[in-house]
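The following note sets out several points on the model shown below. Please read the points alongside the sequence and the coordinates.

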Number of protein chains: 2
Amino acid sequence: MKQTGNRGEDLRARAQQVIPGGMYGHQSVSLLPDSFPQFFSRAKGARLWDVEGREYIDYLCGYGPNLFGYGFEPIDQAAFRQQMLGDVMTGPSPLIVELAEAFVSMISHADWAMFCKDGTDATTTAMVVARAHTGRKTILVARGAYHGSAPWCTPRPSGILAEDRAHVDYYEYNDIESLEGACRKHRGDVAAVFASPFRHDLLRDQTQPDPVFARAARRLCDEAEALLVLDDIRAGFRLARDSSWATLGVQPDLSTWGKCIANGYALSALLGSDVARKAASSVYVTGSFWFAAAAMAAGLETLRQIRDTDYLERISTIGARLREALHQQATNHGFGLRQTGPVQMPQILFEDDPDFRLGYTWTGECARHGAYLHPFHNMFLSAAHGPEELTLTLEATEAAFASLKLRRATLQPIPKLAGRLG
Amino acid sequence: MKQTGNRGEDLRARAQQVIPGGMYGHQSVSLLPDSFPQFFSRAKGARLWDVEGREYIDYLCGYGPNLFGYGFEPIDQAAFRQQMLGDVMTGPSPLIVELAEAFVSMISHADWAMFCKDGTDATTTAMVVARAHTGRKTILVARGAYHGSAPWCTPRPSGILAEDRAHVDYYEYNDIESLEGACRKHRGDVAAVFASPFRHDLLRDQTQPDPVFARAARRLCDEAEALLVLDDIRAGFRLARDSSWATLGVQPDLSTWGKCIANGYALSALLGSDVARKAASSVYVTGSFWFAAAAMAAGLETLRQIRDTDYLERISTIGARLREALHQQATNHGFGLRQTGPVQMPQILFEDDPDFRLGYTWTGECARHGAYLHPFHNMFLSAAHGPEELTLTLEATEAAFASLKLRRATLQPIPKLAGRLG
């Protein structure tokens with residue numbers, strides 16, 4: 001293959017040969033601005049280095065898993081120590097019991113835990129457990145919410161059958177009437193209502209949960225004798241040290257966890273209350289690597305850090321400072337930002353930007369200047385995002401606003417995005 | 001909780017509190033003899049240590065992942081080096097390209113690769129890709145074969161709907177007429193035929209693939225314009241340095257890999273030929289940890305070891321010696337063994353043992369004497385199973401045969417197994 005001398009471009013060309021479409025899944029940059037790197041060679045703290053050696057302050061955190069910083073030593077050391085003893089063995093290590101006990105002691109609604117690898121494992125198991133518990137079929141999901149990429153929930157229809165989601169129906173998030181209507185429509189057959197802690201869908205403003213809605217969801221599940229499943233995979237431990245609706249006084253029957261619960265080591269979990277214990281023990285779910293001990297050691301140390309440090313307050317503080325500073329910069333340059341959702345998990349869109357050309361161009365410029373911000377996916381902060389990272393970020397965003405202002409009149413629609421905005 | 005002074009028992013009691021049923025999935029020992037430990041504290045080479053400190057020569061290899069030995073330094077070091085650079089980041093590392101290239105260069109049928117975490121991810125993606133490619137629904141699977149624990153394939157019905165497998169139908173392995181009949185029944189709607197490299201189902205003798213059947217499966221897929229999916233998750237790289245039917249001259253369109261491809265690090269793969277590339281790029285599948293670089297570093301080093309060492313010949317030699325020695329021991333004690341399947345992945349059942357009481361008691365005694373052998377699941381050998389391990393194993397099995405002979409007349413049916421043998 002012809003070498004361009006640019007390592008990132010060469011890798012993309014090689015990837016085109018041996019990976020369908022050049023990359024797949026959520027880490028494909030095919031819909032992102034051209035300045036976004038596809039491949040990274042290194043990560044530390046809140047920073048990433050691409051294969052050209054360019055450094056970025058990273059606001060995706062691996063799309064969530066990085067909570068305490070990449071390469072955070074206490075957690076890496078815990079994982080490494082267990083790796084040297086034994087990781088995937090013919091049976092689990094005692095850590096699976098310790099980790100289940102740690103979750104049960106921290107998460108109010110949880111009486112038991114099952115561990116798996118990815119978020120989709122946890123949400124799919126929650127669905128199966130809810131059907132086993134109720135003997136019913138219908139799963140109610142908020143329209144547009146992401147709960148994984150299995151056939152019953154993947155957002156893209158290719159290869160998916162009507163039967164895969166024959167008994168999945170949809171309600172509008174934060175809309176009590178809509179959820180009531182869905183429960184009425186499927187009266188006697190609702191197995192579970194899935195909800196995200198807040199609305200964090202792609203390509204739109206985030207919406208905080210209405211506490212009245214959350215309580216209504218709980219009540220409707222109780223009335224229908226269905227299970228309430230809180231999908232805390234994306235938001236878990238960035239909003240609270242408990243499940244994310246605990247602050248609203250609403251306890252789910254099942255909650256799903258993943259992403260950051262082992263600070264980047266592959267681990268997800270389904271937590272449940274006693275009401276669903278028997279059903280959970282009746283289903284058959286497993287995976288070759290679900291019992292791997294090193295990720296559980298990382299998980300235990302992560303829970304310890306969550307319990308014993310002020311990580312959450314620090315993330316919230318730096319997130320609030322970022323939001324305020326960006327608002328100021330945008331205003332100074334004549335732009336309006338829509339910064340929505342919790343400051344720990346910001347979504348940053350532009351006002352008067354229906355086809356995303358402003359946000360797309362701005363984040364492209366941010367990447368050029370060393371801040372990795374996403375044009376249409378919610379972002380994540382970590383405890384490694386400190387004042388120095390904030391300063392570097394704001395230098396990049398300031399330069400990006402200045403560039404955007406100069407180019408504003410000449411911007412064109414983004415061809416790559418046209419298909420997603422229809 | 002009351003302490004018994006026995007660490008294994010105490011852990012089981014604690015697990016009962018916080019894990020549904022005390023344990024779940026394939027690593028639960030609830031159906032195994034009482035002498036089998038549930039929890040392990042350490043693993044090295046071909047050996048395991050339970051939480052009481054008892055040592056076992058392990059013939060499960062973590063149910064497959066251990067190919068070169070637990071804690072095999074060249075692979076651990078490769079993973080550790082990458083872990084220190086970056087594991088789960090906001091994008092993949094260049095290793096994903098190198099690993100895809102390595103697979104494509106080693107596996108004859110493969111033109112591309114997608115990586116995921118567990119076997120179920122790979123088989124489910126294969127199903128979705130086949131449906132996307134053909135625009136059809138039906139998936140044909142050998143009756144009794146295990147292809148994962150997603151709703152479409154899990155062996156236990158709890159929580160599973162008829163719709164989950166509405167378009168999955170079954171044929172008899174190695175039976176050309178049966179597969180022809182299934183293809184005829186679903187004429188015009190067959191998306192894929194799934195096959196394992198050989199029959200390695202639970203609770204029964206293993207069966208080598210009939211080469212005539214394998215070629216017929218290829219021909220029937222060609223005639224139906226369906227995809228042939230070889231599920232090499234369990235057998236891959238223990239039979240060949242290529243996909244497992246390459247020695248029969250049969251190339252699948254898709255193959256699924258997992259278990260040992262990174263010697264225990266969490267990694268699975270879907271490999272495909274060009275015919276399915278477009279479909280593979282059209283589906284949306286992903287996972288938080290699918291792009292984790294450390295497991296890919298382990299995978300690359302594992303492929304290097306597979307390519308450059310005589311591991312396969314060593315595993316085959318030691319497997320043949322084990323089979324012959326066990327045959328001799330059994331004969332000496334008046335027992336007949338049915339040792340089936342490839343010597344690298346033995347299944348060991350007893351003649352005249354319809355309710356498994358002989359095999360169950362024998363493997364229970366083997367565990368007591370330090371050899372971890374399974375009474376009804378196929379086993380796995382690794383390159384760390386050397387002459388010393390064989391000697392220790394045969395001491396344990398000899399003692400177990402002697403004990404079994406003494407107890408033979410008084411053995412009772414195994415209550416735990418009654419439900420599985422109905």
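1. In chain B, Arg47(B) stands opposite Ile57(B) of strand β3(B). The two belong to an antiparallel pairing, in which strand β2 (residues 47-50) of chain B and β3(B) are joined over three bridges. Strands pair here if DSSP finds at least two bridges between them; helices (H or I, at least four residues) and strands (E, at least two) are DSSP runs, numbered from the N terminus.

2. This is a predicted model, in which local features need pLDDT of at least 70 and side-chain atom pairs count only at pLDDT 80 or more, while totals for chains, interfaces and linings use all residues. Residues are numbered from 1 along each chain as its sequence is written, and chains are lettered from A and ligands numbered from 1 in the order in which they are written.

3. The pairing of β2(B) and β3(B) sits within an open sheet of four strands, ordered β1-β2-β3-β13 in chain B, with mixed pairing. Its edges are β1 (40-44) and β13 of chain B; each has a single partner strand, so one side of each is left without a neighbour in the sheet.

4. Helix α11 (residues 387-407) of chain B has 21 residues and reaches 30 Å from its first C-alpha to its last, close to the 30 Å expected at 1.5 Å a residue. The expected span is 1.5 Å times one less than the number of residues in the helix. Buried in α11(B) are Glu389(B), Thr393(B), Ala396(B), Thr397(B), Ala400(B), Phe401(B) and Leu404(B). Seen down the axis of α11(B), these buried residues fall within an arc of 145 degrees, so they line one face of the helix; the arc is that of the directions from the helix axis to the C-beta atoms. Pro387(B), Glu388(B), Thr391(B) and Leu406(B), on the other side of α11(B), are exposed. A residue is buried if 20 or more other C-beta atoms lie within 10 Å of its own, exposed if 12 or fewer, and partly exposed in between, with C-beta atoms placed from the backbone.

5. What do the buried residues of α11(B) pack against? Their partners are β3 (55-58), α9 (311-332), α10 (357-368) and β13 (371-372) of chain B. Contact between two residues requires that their C-beta atoms, placed from the backbone, lie within 7 Å.

6. In chain A, seven strands form an open sheet of mixed pairing, in the order β4-β10-β9-β8-β7-β5-β6. The edge strands of chain A are β4 (112-116) and β6 (168-171), each with a single partner strand, so one side of each is left without a neighbour in the sheet. From one strand to the next, the twist averages 20 degrees. Within this sheet, β9 (residues 254-257) and β10 (residues 268-272) of chain A pair in the antiparallel sense over four bridges, and Leu254(A) has Gly272(A) as its bridge partner in β10(A).

7. Helix α3 (residues 95-106) of chain A lies across β4 and β10 of chain A, running at about 125 degrees to β4(A). Axes are lines fitted to C-alpha atoms, for helices over the stretch in contact, and angles run from 0 to 180 degrees between N-to-C directions. The buried residues of α3(A) include Leu95(A), Ile96(A) and Phe103(A). They pack against α2 (73-85), β4, β10 and α8 (293-308) of chain A together with α1 (7-18) of chain B.

8. The contact between the chains takes 89 residues from chain A and 89 residues from chain B. On the side of chain A that touches chain B, α4(A) gives the most, with seven residues. By class, that side has 48 nonpolar, 28 polar and 13 charged residues. Ala, Val, Leu, Ile, Met, Phe, Trp, Tyr, Cys and Pro count as nonpolar, Asp, Glu, Lys and Arg as charged, and the others, Gly among them, as polar.

9. Val104(B) is found in helix α3 (residues 95-106) of chain B. Is Val104(B) buried or partly exposed? Val104(B) is partly exposed, with 19 other C-beta atoms within 10 Å. Leaving aside neighbours within four places in sequence, Val104(B) is in contact with Val18(A), Ala110(B), Asp111(B), Trp112(B) and Ala113(B).
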